[in-house]
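Hi everyone, thanks for coming. Let's take a walk through one structure together, so please have a look at the screen.

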Amino acid sequence: MNLIAWAILGLLAGAIGKAIYPGSQGGGILSTMILGIIGAFVGGSIFSLLQTGTLQLTATSLSIPGLFVAVIGSIIAIYLWGLFTSRTSA
């Protein structure tokens, strides 16, 4: 059941993050879900760092605050993915 909740959270967070972030990211439903799950880990870890002062690898839960944190994390993940995959022509 936990995997289904993570898939739903990932799909929602990834779709909302892609809708908020400017530009075209491409990818299908699977990449959106993976992006959202990564965003849940990134957002949960940052939230844990701000709350406790220690960096822990944690994910958010399937709730409204958890979705909010996961969306913020997915936006950060989109930004970082764009930095790593962008190629500048010289």
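The protein chain has three helices and zero strands, and from the N terminus on the elements run α-α-α. Helices here are DSSP runs of H or I with at least four residues, strands are runs of E with at least two, and both are numbered from the N terminus. Two words on where this comes from. This is a predicted model, so local features need pLDDT of at least 70 and side-chain atom pairs count only at pLDDT 80 or more, while totals for chains, interfaces and linings use all residues. Residues are numbered from 1 along each chain as its sequence is written, and side-chain values use heavy atoms, with hydrogens and water left out.

Now the whole chain. Of its 90 residues, 29% count as buried; buried means under 20% relative accessible area, exposed means over 50%, and partly exposed is in between, with a 1.4 Å probe and protein chains only. The accessible surface comes to about 6,000 Å², and 74% of that belongs to carbon and sulfur atoms. Those areas come from the Shrake-Rupley method with a 1.4 Å probe, and for residues only the protein chains shown count as cover. Among contacts with a separation of 6 or more, 56% are between residues 24 or more positions apart. Contact means heavy atoms within 4.5 Å.

Let's take the helices in turn. Helix H1 covers residues 2-20, and Ile8 is found there.

Next comes helix H2, residues 29-52. H2 has 24 residues and reaches 34 Å from its first C-alpha to its last, close to the 34 Å expected at 1.5 Å a residue. The expected span is 1.5 Å times one less than the number of residues. Buried residues of H2 include Thr32, Leu35, Gly36, Gly39 and Ala40. After H2 comes Gly53, whose phi is positive, near 85°.

Helix H3 covers residues 64-85. With 22 residues at 1.5 Å each, H3 should span 32 Å, and its end C-alpha atoms are 31 Å apart, which agrees. Its buried residues include Gly66, Leu67, Val69, Ala70 and Val71.

How do H2 and H3 meet? Two packed helices are described by the angle between their axes and the distance between the axes. The axes of H2 and H3 come within 6 Å and cross at roughly 110°. That makes H2 roughly perpendicular to H3. For reference, axes are lines fitted to C-alpha atoms, for helices over the stretch in contact, and angles run from 0 to 180 degrees between N-to-C directions. Under 35 degrees counts as roughly parallel, over 145 as roughly antiparallel, 65 to 115 as roughly perpendicular, and the rest as oblique.

Let's zoom in on that meeting place. Val42 lies in H2 and is partly exposed, with a relative accessible area of 24%. Leaving aside neighbours within four places in sequence, Val42 is in contact with Gly73 and Ile76. The C-alpha atoms of Val42 and Gly73 are separated by 5.0 Å, although the two are 31 residues apart along the chain.

At 0% relative accessibility, Ser74 counts as buried. Which residues does Ser74 contact, leaving aside neighbours within four places in sequence? They are Ala13, Gly17, Leu35, Gly36 and Gly39. Phe41 in H2 has its C-alpha atom 8.9 Å from that of Ser74, 33 residues apart along the chain.

Finally, the core. A nonpolar core is a set of buried Ala, Val, Leu, Ile, Met, Phe, Trp, Tyr and Cys residues joined through side-chain atoms within 4.5 Å. The largest one here has six residues: Leu9, Ala13, Ala40, Leu67, Ala70 and Val71. H1 and H3 are the elements that give two or more residues to this core, and the largest share, three residues, comes from H3. One of the core residues is Leu67; not counting residues up to four places away in sequence, Leu67 touches Leu9, Leu12, Ala13, Ile16 and Ser61.
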